[in-house]
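Dear colleague,

Please find below the structure that I am handing over to you, with its sequence. The findings follow directly after it.

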Amino acid sequence: EKKVVLITGCSSGIGLGLAVLLASDTYQRFKVYATMRDLSKKENLLESVRDCHADTFEILQMDVTDQQSVVSTIEKIKEQRVDILVCNAGIGLMGPIECHSYEAIKKMFDVNLFGTISTIQAFLPGMKQRRSGRVIISSSVGGLQGIPFNDVYCASKFAVEGLCESLAIVLQHFNIHVSLIECGPVSTNFMNNLNFLDTSDSSLQNVDSDTHSLYDQYLQHCQTIFQDVAQDTEEILQVFLEAIDAPIPSLRYFTTQFFMPLIKLKLSCDGGSEYVRAMHKFVFSGVKPKSESK
Ligand code: NAD
């Protein structure tokens, strides 16, 4: 019997890639429900999935921020069950915190946190009833450590980490495994899709000049990091597959070792300041924080 997989946010990036990978599985082990908020964006996915087996794939509309849309998706699943739920939909938000509108911040939390909660709420009862299931989350290194100018994004991903780590404890009783895939930078359209304030953005005009110049430096750092360490979607998908195939999957999978020293530093130095200094050095190397240069 095929494993029924439901993935959110499949119009691009990791979600699209995972839907295609699982739908084209050589042994046809999966039936994939690739969901997306806006069906008018399904062309890329349809194009990529063209050569898949006919009965391994279906596209459904689902906006994770619309509870009605999430709940009504359950009825559209022919098998009447989801074995593997992949919460992947997510958006970013980058820039000095004082430049973000309340609406932009709220929207990001709606997708990244409340969308993930609604999706899990909808599909968990069925899994509990069957005493089996997997929940896999597109998380981020930004869910484990603070990253400058990603304050709100990190806040949302930290929240998702707390949500899933807490759930995992009780779900052990139900043979349901939760796995967080901790991605570093991935070469998807995420950077273009995310509402990142570029240097010329008008909302940056009002920010103080120190913050502005630090943000400029951060954007340069970001570019370098993406050039040097960004992973291909394919690499990320292999990690998802590892979690899907593991007899007893881990709570966390790291797609890259690159950020491990910083993560370990954060965990091992309990005052927290070592991490803050190390991250500052990593991003703004050379520039001394004002508090230290006095
Ligand atoms: P992406 O922008 O290509 O994919 C995100 C998808 O979520 C898009 O298809 C978008 O349409 C969808 N989405 C947005 N709002 C939605 C909603 N309300 N309902 C349903 N779908 C919605 O970028 P990606 O890199 O594939 O990102 C996938 C996940 O991976 C995100 O959760 C992101 O936070 C995480 N991630 C990405 C990176 C990276 O560098 N690309 C790094 C760490 C984590």
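Setting aside residues up to four places away in sequence, Tyr153 touches Gly92, Leu93, Met94, Met108 and Gly142; a contact means that the two C-beta atoms, placed from the backbone, lie within 7 Å. The model is a predicted one, in which local features need pLDDT of at least 70 and side-chain atom pairs count only at pLDDT 80 or more, while totals for chains, interfaces and linings use all residues. Residue numbers start from 1 along each chain as its sequence is written.

On confidence, the protein chain has a mean pLDDT of 93, and 95% of its residues reach 70 or more; pLDDT is the predictor's confidence in each residue, on a scale from 0 to 100. For the complex, the predictor gives an ipTM of 0.99 and a pTM of 0.95. Where pLDDT is low, the predicted coordinates should not be read in detail.

Annotated positions

An unreviewed UniProt entry marks Tyr153 as "active site". UniProt positions are given here in the numbering of the model, with shortened feature names, and the annotations may be inferred rather than shown by experiment. Tyr153 lies in helix α5 (residues 151-171). Helices (H or I, at least four residues) and strands (E, at least two) are DSSP runs, numbered from the N terminus. Tyr153 counts as buried because 25 other C-beta atoms lie within 10 Å; the cut-offs, with C-beta atoms placed from the backbone, are 20 or more other C-beta atoms within 10 Å for buried, 12 or fewer for exposed, and anything in between for partly exposed.

The unreviewed entry in UniProt also lists Ser140, under "binding site". Ser140 belongs to strand β6 (residues 133-140) and is buried, since it has 29 C-beta neighbours inside 10 Å. Beyond four places in sequence, Ser140 touches Lys157, Glu182 and Cys183.

The sheet

Seven strands form an open sheet with parallel pairing, in the order β3-β2-β1-β4-β6-β7-β9. Its edge strands, each pairing on one side only, are β3 (57-61) and β9 (252-254); two strands pair if DSSP finds at least two bridges between them. From one strand to the next, the twist averages 20°. Helix α8 (residues 233-245) packs on the sheet and touches β4 (84-87), β6, β7 and β9, with its direction at about 165° to that of β7. For such angles, axes are lines fitted to C-alpha atoms, for helices over the stretch in contact, and the values run from 0 to 180 degrees between N-to-C directions.

Strands β6 and β7 (residues 176-183) run parallel and are joined by eight bridges. Across this pair, Val135 stands opposite Val178, and Ile136 stands opposite Ser179. Strand β7 is largely enclosed by the rest of the structure, because eight of its eight residues are buried. Ile176, Val178, Leu180 and Glu182 point one way from β7, whereas His177, Ser179, Ile181 and Cys183 point the other way. In a regular strand the side chains alternate between the two faces of the sheet.

In β6, Val135 is buried, as 25 other C-beta atoms lie within 10 Å. Leaving out residues up to four places away, Val135 touches Leu85, Cys87, Ile120, Ile176 and Val178.

The nonpolar core

The largest nonpolar core has 62 residues, and those with the most contacts inside it are Val5, Ile7, Ala19, Val32, Ala34 and Val86. Such a core is a set of buried Ala, Val, Leu, Ile, Met, Phe, Trp, Tyr and Cys residues joined through C-beta atoms within 7 Å. Helix α1 (residues 13-23) supplies the largest share of this core, eight residues. Helix α1 is itself largely enclosed by the rest of the structure, because 11 of its 11 residues are buried. Apart from its neighbours within four places in sequence, Val86 is in contact with Val5, Leu6, Ile7, Thr8, Leu18 and Ile136.

Helix α10

Tyr275 sits in helix α10 (residues 273-284) and is partly exposed, because 19 other C-beta atoms lie within 10 Å. Neighbours within four places aside, Tyr275 is in contact with Gln145, Leu262, Leu265, Lys266 and Cys269. Tyr275 and Gln227 are 48 residues apart in sequence and 24 Å apart in space, C-alpha to C-alpha.

With kind regards
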